[in-house]
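Here are a few exercises to work through with the model open. Try each task yourself before you read its solution.

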Amino acid sequence: MTTSTVASSTAPSSKEPVSLTEMLLPVVRSPMLDQEEELFAYELVFYRQGAGSDADTTLVGSVLSGITDGAITRLVRGNRAFMRLPRMLLLEQTDIFAHTPRLGLIIDPIHVRDTAVLQRLQQLALRNCPLLLDLGSTDPNASEPHGALEPLLRLARYVRIDAKKLSADVLAERCKQLYERGLGVIAGNVDDHLTYGHCKNLPFQAIQGRYLLVPQQIEVPVLTPSRLSLLRLMSALQDGNAGPVELGDIIRDDAVLSYKLLGCVNSAYFALPRQLKSIQQAAIFFGVARLRNWIYTMALASTDDRPPELLRTALIRAHMCEKLAHGMSAGQQEMAFMAGLLSLLDTLLCAPMEFVLSHLPLAPEIREALVEDRGPFAPLLSQIYAWEAGNLQTMQMQPQNIRKMAGAYYEATQWADQVFSFAEQRAH
């Protein structure tokens with residue numbers, strides 16, 4: 001289903017705070033997953049467009065307003081979240097964190113030499129503000145890397161170490177040392193599955209990094225029955241002659257999918273003028289192409305053997321890709337949505353992208369974007385990948401484009417979280 005038309009025209013907007021969607025400083029939520037691959041917390045990463053006091057002042061205003069009006073809470077769905085703030089904000093405006101127990105601060109080793117900041121952190125710790133000490137900047141070869149940081153270690157509830165910098169043996173040793181102190185240890189910069197393999201059997205509270213979005217290398221891909229069933233459904237939906245009746249017939253025997261789909265489109269989020277009681281009615285109301293994309297979305301989001309945050313990322317990419325294709329035709333916007341949604345299909349199905357797409361009769365433009373990195377949708381995906389990684393400078397984005405991306409990202413997270421909440425439900 002194409003999302004921008006429905007979400008922008010029917011989702012409640014008059015009461016929705018706009019501080020984050022209009023902020024000059026974009027924010028990205030980076031998940032930290034526990035050993036069961038469930039969400040432990042988000043890190044909120046704010047990207048400054050410039051440098052110096054003006055940028056910091058803008059950051060202060062945006063963050064404070066986002067916390068005050070609840071936009072940040074909605075961005076993280078009320079989950080635990082951590083953020084790093086400039087010194088000025090740490091000293092002057094941190095009282096609000098003492099009243100927001102699910103919101104914590106990331107602190108750096110350099111703070112141990114700043115008496116004023118250290119005193120402020122002591123006050124926050126006494127008021128049960130979660131503090132996460134980021135040890136990523138410490139020397140990986142130091143024999144006593146934590147000795148000078150004892151004042152911060154006594155205040156911190158969590159500690160993050162850079163898994164990329166450390167050998168497997170040193171990583172295990174550091175994790176054990178910190179864990180035995182009663183600290184929650186987080187592995188950071190876990191960007192590949194080899195590093196993830198070093199971490200997953202250690203007593204880490206959470207693991208964070210881009211490994212989640214990277215497909216595992218599998219010599220002989222094998223699709224499980226459930227994944228083959230998903231591909232068959234997706235292939236059937238690609239029939240160019242499918243109308244409202246045919247769409248209803250395709251998923252008629254999948255009562256759970258039909259239940260979730262109708263529950264979601266009839267939710268208050270979309271504020272439809274009347275309740276839709278069948279897939280056929282939904283196809284007539286929204287149009288076949290839009291509902292087809294919607295069925296894709298719900299089917300993928302219902303995949304229960306992959307980390308939920310991976311599925312949410314696929315939904316966020318779909319919505320963002322469609323929004324970035326705003327100047328294209330309606331048909332291309334729908335294909336852009338599909339390109340974003342399927343951009344993680346190899347990771348979701350644990351098989352190479354070319355192998356997976358060989359089972360789907362997709363439009364050439366979508367296949368070109370996903371396999372060959374060319375065509376009209378490849379630049380859109382590149383912008384999204386850069387946004388996720390925080391590499392905004394490499395894209396040479398102008399301020400107005402960054403603001404556009406910030407708004408699209410915030411809206412996409414809200415939409416994806418709404419859809420996923422229905423995909424997780426069970427039919428009565």
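**Exercise 1. Sort the lining of the largest pocket by class, then say where that lining comes from.**

Solution. Start with the classes: the lining has 12 nonpolar, 9 polar and 11 charged residues. Here Ala, Val, Leu, Ile, Met, Phe, Trp, Tyr, Cys and Pro are nonpolar, Asp, Glu, Lys and Arg are charged, and the others, Gly among them, are polar. A pocket is an open set of points on a 1 Å grid over the protein atoms alone, with protein on both sides within 12 Å along at least five of seven lines; a cavity is a set where a 1.4 Å probe fits but cannot get out, and lining residues have an atom within 4 Å of a point.

Last, the elements: α15 gives the most, with 5 residues. Helices (H or I, at least four residues) and strands (E, at least two) are DSSP runs numbered from the N terminus.

A word on the source: this is a predicted model, where local features need pLDDT of at least 70 and side-chain atom pairs count only at pLDDT 80 or more, while totals for chains, interfaces and linings use all residues. Residues are numbered from 1 along each chain as its sequence is written, and side-chain values use heavy atoms, with hydrogens and water left out.

**Exercise 2. Find which residues lie nearest the centre of the second largest pocket, and which element gives the most to its lining.**

Solution. Go to Lys260, Ala299, Ser302, Thr303 and Asp304, which lie nearest the centre among 30 lining residues. Then check the elements: α10 leads with 5 residues. By class, you get 14 nonpolar, 4 polar and 12 charged residues.

**Exercise 3. Work out how α12 and α21 pack.**

Solution. Take the angle and distance first: α12 (residues 255-265) and α21 (residues 399-423) pack at about 140°, with axes 9 Å apart. Axes are lines fitted to C-alpha atoms, for helices over the stretch in contact, and angles run from 0 to 180 degrees between N-to-C directions. That makes α12 oblique to α21, since under 35 degrees is roughly parallel, over 145 roughly antiparallel, 65 to 115 roughly perpendicular and the rest oblique.

Now list the contact (heavy atoms within 4.5 Å): Lys260, Gly263 and Cys264 of α12 meet Val419, Phe422 and Ala423 of α21. By class, that contact has 4 nonpolar, 1 polar and 1 charged residues.
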